[in-house]
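Subject: Handing over the structure

Dear colleague,

Please find below the structure I promised to pass on to you. Have a look at it first, and then read the notes that follow.

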Amino acid sequence: MKLLGIVILYYPDEEVKQNILSYLTHLDKLILWENTPLPDRKDLLFDPLTEQKVIRRDQGRNVGMGVPLNSAVRYGWENGYTHLLTMDQDSCFETGMFRTFLQSVCLLEEDNRASFSANTHPYEVSQPESEEIDICITSGTIYKLSVFKEVGLFREDFFIDGIDTEFCFRLRKYGKTMVRVNTAYMHHVLGKVTVTPFLWGKLISPNYPARRTYYLVRNTLYLRHLYPGYAQAKGTFKTILFWRPLTILLVEPDKYRKFKAIFLGLFHAFRRKTGEYTVH
């Protein structure tokens, strides 16, 4: 295995550097794609030996996720890599877990298996060591680079949300499978989660900003159009049109812009509009 990695950075702090160091030594190269706009940028600096493994790329602004991911795929093709690890900046592995992950991937490789994911839910009981799954998230997933030549690249017009889900649906459409390695634990953060006491329990909200809420709504509904028979495409409808508005209404700030984002996301999904969009 010749393993290339990519992390997409957006206003990273020193904790992000520690996250990267939890797996960097096991990679052959790592692309750090900087999505922080140029005036606000502060580079993460590593020691000289570690820097030799790092390739820095950017376009001077936030270009979303699809452009950097596809750039990494092409770099991998051109330079003889066999696999691509995709990571979020907020994700990290516990000591020794990434080595366990790689060892398991080598043992689980089969022709029709396209990707291998780490486990972000380590406390579920009675988990097998590995299992086939229907959807994997971008962070903590190792893709075979050859599979992109068969099914195509990531959708750049989705910008930031639903890119991983759409790619998983496409893999399944082509008869490919995805595997989760349950013995490889990874810490993964979903948004700026807030927990608020509510009635006799608590209300948990991802507290996504308005821009992220727009892409979540638009791209999720567009996925329902692209893959109408997939249960996961249907199941998220309740989340974005009931739970997301409810948490915004009850506990989240910036309510006006977030509800505007939901409306625009619905409207643009109906119009089949994709690409970058800013909610003002």
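At 7% relative accessibility, N19 counts as buried, since buried means under 20% relative accessible area, exposed over 50%, and partly exposed anything in between, all with a 1.4 Å probe and protein chains only. Before going further, please keep in mind that this is a predicted model, in which local features need pLDDT of at least 70 and side-chain atom pairs count only at pLDDT 80 or more, while totals for chains, interfaces and linings use all residues. Residues are numbered from 1 along each chain as its sequence is written, and side-chain values use heavy atoms, with hydrogens and water left out.

N19 belongs to helix α1, which covers residues 14-21; helices (H or I, at least four residues) and strands (E, at least two) are DSSP runs, numbered from the N terminus. Leaving aside its neighbours within four places in sequence, N19 is in contact, meaning heavy atoms within 4.5 Å, with Q89, D90, S91 and C92.

An α-helix has 3.6 residues a turn, so residues three or four places apart point the same way. The N-terminal end of α1 is capped by D13, which has a side-chain oxygen 3.1 Å from the backbone nitrogen of E15.

Next comes N35, in the loop between β2 (29-34) and α2 (48-51). With a relative accessible area of 3%, N35 is buried. Its side chain makes a polar contact of 3.3 Å with that of W33 and one of 3.1 Å with that of N62. A polar contact is a pair of N or O atoms within 3.5 Å; within protein, one must be able to donate a hydrogen and the other to accept it, and residues adjacent in sequence count only if both atoms are side-chain atoms.

Which residues of helix α4 are buried? They are M97, F98, F101, L102, S104, V105 and L108, and they cover an arc of only 165 degrees around the axis, which puts them on the same side of α4.

Strand β6 (residues 113-119) is mostly covered, with seven of its seven residues buried. Two strands pair if DSSP finds at least two bridges between them. Six bridges join β6 to β9 (residues 177-187), and these two run parallel, while three bridges join β6 to β8 (residues 141-144), and these two run antiparallel. F116 has V179 as its bridge partner in β9 and I142 as its bridge partner in β8.

Finally, a word on the cysteines. The structure holds zero disulfides, a disulfide being a pair of cysteine sulfur atoms within 2.5 Å. C92 is in none, and the nearest cysteine sulfur, that of C136, is 19 Å away. C106 is in none either, with the sulfur of C136 again the nearest, at 18 Å.

With best wishes

Terms used
The arc is that of the directions from the helix axis to the C-beta atoms.
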